[in-house]
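Take a moment to look over the sequence and the 3D picture. We'll walk through them together, one region at a time.

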Amino acid sequence: MDLNKWQSLKKRMVINRVHALIHGAALAALFYYRITSISKSVPHLLIFAAELILSFQWLLSQGAKWNPVSRTACPDRLPADDNLPSVDVFVCTTDPVKEPSLGVMNTVISAMALDYPPHKLHVYLSDDGGSPVTFRAVKEAWGFAKMWIPFCRKYMVNNRCPQAYFLTEQTGDHHFLLEKTSIQNAYEDFKISLAKISAGTDSRVSKDHQPIIEVINDGDEMDKDPQMPLLVYVAREKRPSHPHHFKAGALNVLLRVSALLSNSPYILVLDCDMYCNDPKSARQAMCFHLDPNLSPDLAFVQFPQRFHNLCDKDIYDSEFRHAWEKWEGLDGLNGPILSGSGFYMKREALYRSQQLEKNVDTMKRFGSSKEFINSVYTHKKPNCMSDEQKEMEFLASCRYEKGSKWGEQARFRYFAVVEDYFTGLNLHCEGWKSVYYESSRARPGFLGTAPENLGEALVQQGRWFVGLNQVAFSKYSPLVYGVLKMPIWQSMCYAENAFSSISFLPLYILALLPQISLLRGIHLYPQLSSPFFFVFVFLFVSSQAKHLQEVLTTGYRTSTWITEQRMWTIRCFTAYLYANVNTIMDKIGWRKASFLLTSKAADEAAAELYRKGMYNFDAPSLLIVPMCTLYMINMGSFVAGIWQAGKGNGMMLIESLIPVFGIILNLPLLQGMVVRKDKGRVPTNVSIVSLLLSSIVMAYASFAT
Ligand SMILES: O=c1ccn([C@@H]2O[C@H](COP(=O)(O)OP(=O)(O)O[C@H]3O[C@H](CO)[C@@H](O)[C@H](O)[C@H]3O)[C@@H](O)[C@H]2O)c(=O)[nH]1
Ligand SMILES: [Mn+2]
């Protein structure tokens, strides 16, 4: 009997293809119009360039729409527990201030409590901060887990992240309630001890320290509790002079250290805030990894990243619904893009054993640890000959990777700050496949913490798009490198992601040029009397309608459609713009791209605004000023447009509708500038600067010759 099933999402596929045909035809008409009517004036060339870029992105986006599929897993058909392969879980953390220990330990505990044979489960916590706070916290976590895990197993608890569990009401018989109360008290004590640790310990992140590796237990190694999975704390060596390659570097150290201790054939990678929400995820993933038809080429099973703290309207579009919809589309090709957290990876795929031959220089490929090289070929826990502890410290040292191919060929790759995307791209190029899976929207496999602040969200995304640009504009560009090595549809989807931030160019053009031309009376678009007028109107309506259809068929509400539109424009004006500025600075060597951590610590004031669904415009001015300036220009030019029309200069219908769309879409910004009085309003000085800037632009546009 099959361990899993898949099904083509036929209706979606047909709608997508028919729409692609019609929309494509309309785009062809637009190009015909532009080419036949274009004058060599700068505004016309610019608007055409904007249309070309957007059409290019639209074309790339068709890749993920071509063949969407959905999958189901049947964990009850898995072999008996004794025959399941073992799993190593990698949790990465860095900074106990931005990533408070309580959250990190909840993730660790939820992973230890996965519904999987405990002796086949090994949890590794990588602490990139080398912080005594985290080290002491993980010892406390072990103590609490010793009560928590038997409790979860006994009562078949569904929600094995203690923090989340105790937030919900639980009912049961007398025995259960007694036990629950006592475990809840233990959890409260655990919280108190973590608070004490973080208050009394130096929580600075160390950039200069020895490797520290410790198997966490009660001090007596001989007396291993069969109910408890292995828990290991790893802080790799850090030296200021030595590049540490951020998360990819941390994962590679875990890969080596775990090879000596457990060497499991499968690895689950988790960000420190992504707790296991469904204890069955490991078994679900095995339904794909153990399927004899899929397994030879299957590198990883990717679960979507979902979040426990989204506000009702998800005002910052943190859920990235559109991305996961694409992942379903990719699932019908060779599989989804690797997405950082919540994936079960086959260890072998990272070693590239598909092409492993004995005669290649293994030292160069894997570094000089014989013990580690042995582990690569055994697929079991190797019998360590030398001093295990010393060997692991060597594997976690800065010098280990020198002169080897770590991070270059195979393993987690260092080339870009989006190590996930880039590693996945390479795996797919090598012929590996992946699977996208979510058992149900109601019970996601993993839940993380989404930024509750506009500034925070934009900075995070800025980093992603710097990373994607690093790939897009390199020899690894999916359009060059990918096309030769993977199906065209798939490389289109990789390219769509890599090039997504260039949409800042067309959006700036569309937010400024029609407006300026209204002020100056230059016609950019056909008149109402021209048949091509309807081509433009159709294209607008068609793209909006398609977006709405996608939102609704994936089970979301109309408000999601509006939020996604709004956040896309906001991203274009800010995160995408700065990502491209940073990319240029990176290219000319002014500033290296780096991994700025997203904060997972709750800021109560910000969280309250967020829960009410109110945008927090109290963000760095560099982010808010461009948005406000553009908004004012759009309002000003719209008024000017009406005035022009009144003077009998002829209606510039499309030119006026564009600012109207922008103004309506971003009404919350207007509220933030003029109505709101709370802390999240647009700061007055930002409004003043924006007013000044927009006046200068408009005056220049109106009067310059
Ligand atoms: O030098 C570093 C930097 C980060 N991390 C860890 O990486 C994880 C992700 O960092 P976060 O600040 O939460 O970034 P996000 O933007 O939320 O992460 C998304 O984007 C990253 C790529 O940019 C992926 O690695 C992540 O899995 C994905 O969730 C966290 O657990 C960090 O502790 C490290 O271990 N070492
Ligand atoms: Mn994160």
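Which residues does Asp128 touch, not counting residues up to four places away in sequence? The answer is Cys92, Thr93, Thr94 and Ala250, where touching means that C-beta atoms, placed from the backbone, lie within 7 Å. Before we go on: this is a predicted model, in which local features need pLDDT of at least 70, side-chain atom pairs count only at pLDDT 80 or more, and totals for chains, interfaces and linings use all residues. Residues are numbered from 1 along each chain as its sequence is written, while chains are lettered from A and ligands numbered from 1 in the order in which they are written.

Back to Asp128, which sits in the loop between strand S4 (121-127) and helix H4 (132-154). Helices (H or I, at least four residues) and strands (E, at least two) are DSSP runs, numbered from the N terminus. Asp128 counts as buried because 27 other C-beta atoms lie within 10 Å; the cut-off for buried is 20 or more, exposed is 12 or fewer, and partly exposed is in between, with C-beta atoms placed from the backbone. The UniProt annotation "binding site", from an unreviewed entry, covers Asp128 along with Lys98 and Glu99. UniProt positions are given in the numbering used here, feature names are shortened, and annotations may be inferred rather than shown by experiment. These residues are spread over 31 residues of sequence, yet they cluster in space, with a largest C-alpha distance of 12.6 Å.

Now hop over to Lys98, in the loop between S3 and helix H3 (101-112). Lys98 is partly exposed, because it has 16 other C-beta atoms within 10 Å. Leaving aside neighbours within four places in sequence, Lys98 is in contact with Leu597, Ser599, Lys600 and Ala601.

Next, the sheet. Strands of a sheet pair through backbone hydrogen bonds, either parallel or antiparallel. Here eight strands form an open sheet with mixed pairing, in the order S5-S6-S4-S3-S7-S11-S9-S12; two strands pair if DSSP finds at least two bridges between them. At the edges are strand S5 (212-215) and strand S12 (433-436), each pairing on one side only. In the parallel sense, S3 pairs with strand S7 (residues 266-271) over six bridges.

Finally, find ligand 1. Of the 25 residues around ligand 1, Cys92, Phe246, Asp271, Gly340 and Thr598 come nearest, where being around it means a C-beta atom, placed from the backbone, within 6 Å. H15 gives the most to this shell, with four residues.

Conventions
Two residues are in contact if their C-beta atoms, placed from the backbone, lie within 7 Å.
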